[in-house]
Amino acid sequence: MRKYLLKRVFYMVLTLFLVATITFFLMKLMPGTPYSNQEKMTPQQIQIMNEQYGLNKPIWLQYLIYLGGMLHGDLGTSFQYSNQPVSYLISSRIGASAQLGLQAMIFGVVIGIIIGSFAAINRNTWIDTLCTILSIIGKSVPNFVLAVLLQFYIALKLGWFPIADWGGFSYTVLPTIALGVGPLAETARFIRTGMVDVLNSDYIELARAKGLTKFGIVYHHALRNSLIPLVTLIGPYTVALMTGSMVIENIFSIPGIGEQFVKSITTNDYPTIMGVTMLFSAGLVVVILLTDIVYGIIDPRIRLSGNGD
Amino acid sequence: MAERILDVKNLEINFHTYAGDVKAIRDVSFHLDKGETLAIVGESGSGKSVTTKSLMGLLANNAEVVGGSVMYHGQDILKKSEKEMQNIRGKDIAMIFQDPMTSLDPTMKIGQQIAEPLMKHKKMEKKKAWAQALDILKLVGIVDPEKRINEYPHQFSGGMRQRIVIAIALVCYPEILIADEPTTALDVTIQAQILDLMKELQSKIETSIIFITHDLGVVAGMANRVAVMYAGKIVEYGTVDEIFYNPQHPYTWGLLNSMPTLSSTLLEAIPGTPPDLLDPPKGDAFAARSTYAMKIDVEQEPPFFKVSDTHYAATWLLHPDAPKVTPPTEIIRRQKLFAEMSVNKSVKA
């Protein structure tokens, strides 16, 4: 197990190194410079700026300097936002994004599992059809449309929750719903498919022959066996949501990281692009390892063997 | 006379399909006495499994019981609600399934799978139920049960898994055990072990068994009585000796004839395929495949003719006016043995 984990960690580091390398050089291929008002700047000014940011050095040297800095936890300085260090920029904004993403994921997955199970149990009835229609709507309606509708009806007309901004928990409710409907629909669909299969299996019939109640069968036998395909989906989805959603954060004026990321790309803010990409990648490789471990917890057949092979 | 614990009368079950109603079970009657083993024999699709699933209330959604009754302790099982059936299933009537490789939950420890019926029916706490699960694991012959009770199904071989399935079925000491082809999916050597185990447990637990199989070889060693099913009907029933050595229905002849014996050089197959039960034939359902079919066989359904007090067969060949026919040589050989057996019996008496 230990040997296995060490091996996995080595591959994770390797993956991150490759991501950093590829992103760095791709980024340098983007047209333009970080300076928004370049037309008004004199060549001397540009040269001074380039020297200040190290952009006059050859690209391979810039790359090595960046890697060296990253090893010390220094992600460079953002070109926008009054020269804040990228690590500060990220750490001050990731909290809101992560909280929102996690809440949306929990909301979506829990409700999705319930709806999906419900559909599978009542397969080919109007309940199933209703659940399917709901999940198609959830999947196909863009979340910004839903966000605006929620703001208008729930916040403005009913006044139940604040319309935007970031304060206590009540501020998170509407964006959580808007962001969570995607994973909700996806989860419901996965669980329904998985559970329909499982409910037709022999061990479910044996569970019925034991005299277990319908709920007992679904809860103790069917659910766990239907979760495997979902676990594959949930991990990366969670990382994606936690590292910020530009649209939702914008609509609800949430000081998250999603907006920064998009802005940094349009303004060629190289260190911020790199920083957010690395954060996302790191989250992803960790989550993939966790997913593999969770697999083993759910399904003993794929449990990692103890002897390290 | 033995106590009758299950009495199935005129059972009729239809399956609703897009093509129409499939008449899967057509007027089936049989009974089960306390402590005996009744074998229900027939080829695939003859309705064996459907019959027993109706006893458990486990019929598929598109199946409908059209008529008949299943009396158990003076009550008609077919009229019970799902909730009431949940209290009977696994406690009074339990079931062993065909394929041990798929009938255990892959993500649950076998100890819990065995303990579940106890926790449900005897309201036992988990600890006590597991202790009892351990006992039954020993009883079904699992080596090192203290360790293996914590393992998952994939860590067991097919034969061992079937022992666990049997343990689950027997853990509440059911009155009736339905075994639906319990050895079909197993190696021949393992089959014998499982059958021996079932016989041993039957005497220990005092359960009555309904044993479903298409394998007559298995029946001989297991059953007290045999019912032969064809196309959703029982065509002949009697004690195991009567069915094996004095069969009367051409279908039973065909079945026995297709079974290898020490002297057989060529195995006879029954020609043709079973009839389409969407539109069952009018007379004897087997007539189309029978070389002994008469005109009346395609016109009118044969009633049960009595052969002995325990032996009945539904074939027109037993009608007093029917012409004498010569059964296959293997059947004649068997009937000779049967005649000798009854002579010996009467001499002893």
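Where is the place of E125(B)? I found E125(B) in the loop between α3 (110–121) and α4 (126–139) of chain B. Helices here are DSSP runs of H or I with at least four residues, strands are E runs of at least two, and both are numbered from the N terminus.

Before going on, I noted that this is a predicted model, in which local features need pLDDT of at least 70 and side-chain atom pairs count only at pLDDT 80 or more, while totals for chains, interfaces and linings use all residues. Residues are numbered from 1 along each chain as its sequence is written, and chains are lettered from A and ligands numbered from 1 in the order in which they are written.

**Entry: E125(B)**

The cut-offs are 20 or more other C-beta atoms within 10 Å for buried, 12 or fewer for exposed, and partly exposed in between, with C-beta atoms placed from the backbone. I also looked up G67(B), which is 58 residues from E125(B) in sequence and 41 Å away in space, C-alpha to C-alpha.

**Entry: strand β8 of chain B**

I checked β8(B), residues 208–213, and six of its six residues are buried. On one side I listed S208(B), I210(B) and I212(B), and on the other I209(B), F211(B) and T213(B).

I then looked up the partners; two strands pair if DSSP finds at least two bridges between them. Strand β3 (residues 37–41) of chain B runs parallel to β8(B), joined by five bridges, and V41(B) has T213(B) as its bridge partner. Strand β7 (residues 176–180) of chain B is also parallel to β8(B), over five bridges, with I176(B) partnered by S208(B). Between β7(B) and β8(B) the chain passes through helix α7 (residues 188–205) of chain B, in a right-handed β-α-β crossover. Right-handed means that, with the strands pointing away from the viewer, the path from the first strand over the helix to the second runs clockwise.

**Entry: β1 and β2 of chain B**

I found β1(B), residues 4–17, paired antiparallel with β2(B) over ten bridges. The two strands form a hairpin with two residues between them, and L6(B) stands opposite L32(B).

**Entry: the two domains of chain B**

I recorded domain 1 (4–223) and domain 2 (243–348) of chain B; such bounds come from an automatic or database domain assignment. Their centres, taken over C-alpha atoms, are 30 Å apart. The contact uses 13 residues of domain 1 and eight of domain 2, where contact means C-beta atoms, placed from the backbone, within 7 Å. On the domain 1 side, β2 (20–33) and α8 (216–222) of chain B each give two or more residues, and β2(B) gives the most, with five.

**Entry: nonpolar cores**

I looked up the cores, each a set of buried Ala, Val, Leu, Ile, Met, Phe, Trp, Tyr and Cys residues joined through C-beta atoms within 7 Å. The largest has 135 residues, and A167(B) and V228(B) have the most contacts inside it. Helix α7 (residues 170–199) of chain A gives the most to this core, twelve residues. Domain 1 and domain 2 of chain B each supply at least three. Leaving aside neighbours within four places in sequence, the contacts of V228(B) include V41(B), I243(B) and L255(B). A second, separate core of 13 residues has L89(A), I90(A), I257(A) and I273(A) among its members.

Notes
Two residues are in contact if their C-beta atoms, placed from the backbone, lie within 7 Å.
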